[in-house]
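This report describes a protein chain through its fold, its strand pairing, its cores and its pocket. Please consult the sequence and the structure shown here while reading.

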Amino acid sequence: QAVRLPPGIEKFGPNGFRPPSDARFVIRVIDDARGKMEDEYSYYARWGQVVGTEHAPDIGYDPRQRPWYRAAIAANSVAISNAYVFSGTNRPGVTLSRQIKTSDGALLGVFGADLSTDTLSRLLDQIRIGSHGIVFILDRDGRLIGYPDPNRTIVRQGDRVYVVFADAVADPL
């Protein structure tokens with residue numbers, strides 16, 4: 001997994017530590033070669049310049065069990081997840097995923113790309129529809145995954161973050 005770190009992120013990685021101050025992105029590798037799922041994060045300032053690493057043995061997380069992975073296995077095209085909160089950044093978004101196969105059709109795995117509601121919101125904030133219109137995006141269940149103000153796409157309850165349903169946003173548009 002490749003992750004661009006959001007500016008000012010306080011916690012990240014398997015241990016929830018602050019990333020190195022000059023880290024801009026992370027390469028995460030989950031491997032079960034030793035019989036248990038191990039998690040390794042390599043922090044990069046730029047490609048080829050590692051500025052920190054973190055390791056967590058036996059994480060108990062298997063991406064092959066996640067809905068986005070299973071959807072890609074079942075589809076013969078790109079699968080798009082419902083909105084959910086990403087474990088790494090604690091921010092919501094959707095995952096686009098697709099099978100990776102060899103030329104003879106053997107399954108190698110699944111490629112997934114996370115698209116955060118923050119990114120969608122920045123894009124939507126730049127689009128103008130008339131003098132008062134807005135653009136927003138809903139998932140299949142009616143959750144607000146794209147809206148010009150990203151803070152209105154989520155609600156926090158204690159340590160948990162949830163993606164809001166569109167009818168929960170106080171906006172007449």
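The sections below treat each of these topics in turn.

## Basis of the description

The structure is a predicted model, in which local features need pLDDT of at least 70 and side-chain atom pairs count only at pLDDT 80 or more, whereas totals for chains, interfaces and linings use all residues. Residues are numbered from 1 along each chain as its sequence is written, and side-chain values use heavy atoms, with hydrogens and water left out.

## Overall fold

The chain contains 2 helices and 12 strands; helices (H or I, at least four residues) and strands (E, at least two) are DSSP runs, numbered from the N terminus. From the N terminus on, the order of elements is β-β-β-β-α-β-β-β-β-α-β-β-β-β. The C-alpha trace spans about 55 × 45 × 30 Å along its principal axes.

Of the 173 residues in the chain, 34% are buried, where buried means under 20% relative accessible area, exposed over 50%, and partly exposed in between (1.4 Å probe, protein chains only). Among contacts (heavy atoms within 4.5 Å) between residues at least 6 apart in sequence, 35% join residues at least 24 apart.

Two strands are taken to pair if DSSP finds at least two bridges between them. Strand 1 and strand 2 are antiparallel, with 3 bridges; A2 has I27 of strand 2 as its bridge partner. Strand 2 also pairs with strand 3 (residues 38-46), again in the antiparallel sense, over 7 bridges. In strand 3, E40 is the bridge partner of V29, and Y44 is that of F25. The hairpin of strand 2 and strand 3 has 6 residues between the strands, and G35 takes a positive phi near 90° there.

Strand 3 is joined in turn to strand 4 (residues 49-56) by 7 bridges, and the two run antiparallel. One of the bridge pairs links S42 with T53 of strand 4. This hairpin has 2 residues between its strands, and G48 in the turn has a positive phi of about 90°.

## Nonpolar cores

A nonpolar core is a set of buried Ala, Val, Leu, Ile, Met, Phe, Trp, Tyr and Cys residues joined through side-chain atoms within 4.5 Å. The largest core has 8 residues: V3, L5, I9, F12, A23, V26, Y41 and Y43. Leaving aside neighbours within four places in sequence, V3 is in contact with F12, R24, F25 and V26. A second, separate core has 5 residues, among them A83, L120, I145 and V163.

## The largest pocket

A pocket is an open set of points on a 1 Å grid over the protein atoms alone, where a 1.4 Å probe fits, with protein on both sides within 12 Å along at least five of seven lines; lining residues have an atom within 4 Å of a point. The largest pocket has a volume of about 1,300 Å³, volume being the space filled by probe spheres set on the points. Its lining has 42 residues, and Q1, A2, V3, G112 and D114 are the closest to its centre.

Elements that each supply at least two lining residues include strand 1 (2-4), strand 2 (25-31), helix 1 (67-74) and helix 2 (117-125). Strand 8 gives the most, with 9 residues. The lining comprises 23 nonpolar, 9 polar and 10 charged residues; Ala, Val, Leu, Ile, Met, Phe, Trp, Tyr, Cys and Pro count as nonpolar, Asp, Glu, Lys and Arg as charged, and the others, Gly among them, as polar.
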